[in-house]
Amino acid sequence: QVQLVESGGGSVQAGGSLRLSCAVSGTIVGLSVMGWYRQAPGKQRELVARIFSGGSTNYADSVKGRFTISRDNAKNTLYLQMSSLKPEDTAVYYCNSHFGPSLVGGMDYWGKGTLVTVSS
């Protein structure tokens, strides 16, 4: 069974940095599309960044140039390096693993999330 466990969240001032980690078990981190999503209070969950099995990446426009998604196959871990954080980045961040021939349908696994709070 696929399990995803996030860590690294916390409180930081605007302009600061954090690195989120997602420990993956039950599958290989490079085998599926892995992503980070976030959900702010009162808002829908949104895609932050994803990395495909071949290594290509997608980012939300709001985080381009500030966030970097990466994975360590040896540690079976997904990362999200966040820099130049803004108060609007405050949210619960979720790790996602997607299996399927396309991004629509298929099977998704989710972690329980880690809270990031950015103060001005």
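W110 is partly exposed, at 37% relative accessible area; by the cut-offs used, under 20% is buried, over 50% is exposed and anything in between is partly exposed (1.4 Å probe, protein chains only). The model is predicted, so local features need pLDDT of at least 70 and side-chain atom pairs count only at pLDDT 80 or more, while totals for chains, interfaces and linings use all residues. Residues are numbered from 1 along each chain as its sequence is written, and side-chain values use heavy atoms, with hydrogens and water left out.

**Aromatic pairs**

- The count of aromatic pairs is two, where rings of Phe, Tyr and Trp (its six-membered ring) pair if their centres lie within 6.5 Å; planes under 30 degrees apart are stacked, over 60 edge-to-face, and the rest tilted.
- Y37 and W110 are edge-to-face, because their ring planes stand at 70°, with centres 5.0 Å apart.
- This pair links distant parts of the chain, with Y37 in strand 4 (residues 33–39) and W110 in strand 10 (residues 107–110), 73 residues apart.
- Y37 is buried, with a relative accessible area of 17%, whereas W110 is partly exposed.
- F99 and Y109 also form an edge-to-face pair, 6.0 Å from centre to centre and with 90° between the planes.
- F99 belongs to strand 9 (residues 91–99) and Y109 to strand 10, so this pair ties together parts that are 10 residues apart in sequence.
- F99 has a relative accessible area of 24% and is partly exposed; Y109, at 27%, is also partly exposed.

**Secondary structure**

- The protein chain has zero helices and 11 strands, taken as DSSP runs numbered from the N terminus (helices H or I, at least four residues; strands E, at least two).
- Along the sequence the pattern is β-β-β-β-β-β-β-β-β-β-β.

**Overall dimensions and packing**

- The radius of gyration of the protein chain is 14 Å, which agrees with the value near 14 Å for a compact globule of 120 residues; it is taken over C-alpha atoms, and the globule rule is 2.2 Å times the number of residues to the power 0.38.
- The C-alpha trace spans about 40 × 30 × 25 Å along its principal axes.
- Of the 120 residues, 41% count as buried.
- Among contacts (heavy atoms within 4.5 Å) between residues at least 6 apart in sequence, 53% join residues at least 24 apart.

**Surface and charge**

- The accessible surface comes to about 6,300 Å², and carbon and sulfur atoms account for 50% of that area; areas come from the Shrake-Rupley method with a 1.4 Å probe.
- The mean positions of the 11 positive and 7 negative charges lie 2 Å apart, with Lys and Arg counted as positive, Asp and Glu as negative, and His and the chain ends not counted.

Terms used:
The place of a charge is taken as NZ of Lys, CZ of Arg, CG of Asp or CD of Glu.
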